[in-house]
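I am opening a notebook on a structure that is new to me. My plan is to look up one thing at a time and write down what I find.

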Amino acid sequence: MKSAQEAQADPKYKTAVTELLYQLADDDFIIAFRGSEWLGLAPHIEEDVAFSSINQDTMGHAAIYYQLLEALGEGDADALAHDREAGQRKNAILLEEVNGPGHYLKKPLYDWAFAVVRHYFYAQAKKVRIESLKNSSYQPLADAAVKINMELYYHLLHWKTWFTQLVTAKGEAPERMKNAIDKVCEDMEGVLTLGPKGANMAALGLIEEEKLLTQRWHNEMEKVFEPLPISLPPVQAKRGNGREGVHTEDLNSALATLGEVYKQDPVASW
Amino acid sequence: MSLVSTSEQSVREMLALVKDPEIDSVSVLDLGMVENIAVAESSVHVEMLPTFMGCPALEIIKTNVENKLLELEWVEKANVTFIYHPAWTSERITTEGRERLKEFGIAPPPEKPGPDGAWHVDCPYCHSTYTTMENIFGPTACRSILYCKQCKNPFEAMKPVSTMM
């Protein structure tokens, strides 16, 4: 399919590509928000610069996906980002989880180990997905994937460095990383799944099969874990499947904060 | 010899005057952001390639280009759209653009990153090769922060991006 017009003419194809785009968009949108809550709180100034740059890129990626959805007749991109209820969101539950107890304006007791593990595991899953999307049957998405991949390269490099350094560091770091890995793995399956409509997406050549992508993620993880003194626990989806609209209270509060300004004047031009 | 219409030529001349909002020595042409110029009577449509997707300067660049083109007497409608294909890569920066980046104190992107993705640039001030990477992420999405051990200046470099990554 070369264009949005062509896709719209084929209802089955349109349903599948729309579903996939919502997953991609909502994942990046919410993880970019959680990342941006770290602004000013990262372990050092260089990390503050790096992390906010990564979040800005990631929010840019969400924006492309929302624009692709707009082109498919799903409505205004800004409204898609800001004005959909939690139940309509397709992001993985892991990505909506708060950074830790407290609030970034009051007493943030955020866990850097959790941030590193969550972002690293996600970046690697995103990398596997983007590589596959480069060959998507939906050309506008394949083009976007080429662009996103160039930025993602740096994100993955960044998180992988943090991950291996902290796991092999002295002091409390390895223990905290181990706990964070256990915690992230409890919901990581929710990131790796393409949801109930995944088989359709693969059949239409939009992206490869979920099983294959998941295996590739595991292969990449094995390479990194192999020399490390820890192992990767099994991945689960303990709290449910975000692709099916199942979410936690954390998403509601994030959306309330995210949409606060937008909702004051939805027709304002920024 | 291919003929570039005089109207397209005049559009190019105007585009050369539209600078990056954050690096006022390089134009959008120098950066290789202009992919297509289509002139139809009094309207101009320019297709541009975003450097980094989340770059907040994109909207400003779009407005600046449109306004600049409207300064041309014969232009009544000017319109910019951003396209993703082909993807912008740092190899698109022109030779002149690379020189102008240096004038601004920003090292141009390395022409060839190493096989493992590692890359190296020389100091844009003293040209020493004795430099170190301070932070691959810089003040904007497209830049990194480095330090020159020779002249002891911190400096920035345009991040290399390529479809090979």
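**Entry 1: a strand pair.** I began with β8 (residues 143-148) and β9 (residues 154-158) of chain B, which pair in the antiparallel sense over five bridges. I take strands as DSSP runs of E of at least two residues, helices as runs of H or I of at least four, each numbered from the N terminus. Two strands pair if DSSP finds at least two bridges between them. Across this pair, B:Leu146 stands opposite B:Phe155 of β9(B).

**Entry 2: what kind of model.** This is a predicted model: local features need pLDDT of at least 70, side-chain atom pairs count only at pLDDT 80 or more, and totals for chains, interfaces and linings use all residues. Residues are numbered from 1 along each chain as its sequence is written, and chains are lettered from A and ligands numbered from 1 in the order in which they are written. I noted ipTM 0.84 and pTM 0.92. Chain B has an average pLDDT of 92, and 95% of its residues score at least 70; pLDDT is the predictor's confidence in each residue, from 0 to 100.

Entry 3: Most residues other than glycine have a negative phi, and most peptide bonds are trans. I looked for exceptions in chain B. B:Glu41 has a positive phi, near 50°, and lies in the loop between β3 (34-40) and β4 (43-48) of chain B. The peptide bond from B:His85 to B:Pro86 is cis, with omega near 0°. B:Pro86 lies in the loop between β5 (77-82) and α3 (95-103) of chain B.

**Entry 4: where the chains meet.** How many residues does each chain give to the contact? Chain A gives 22 residues and chain B gives 16. I count two residues as in contact if their C-beta atoms, placed from the backbone, lie within 7 Å.
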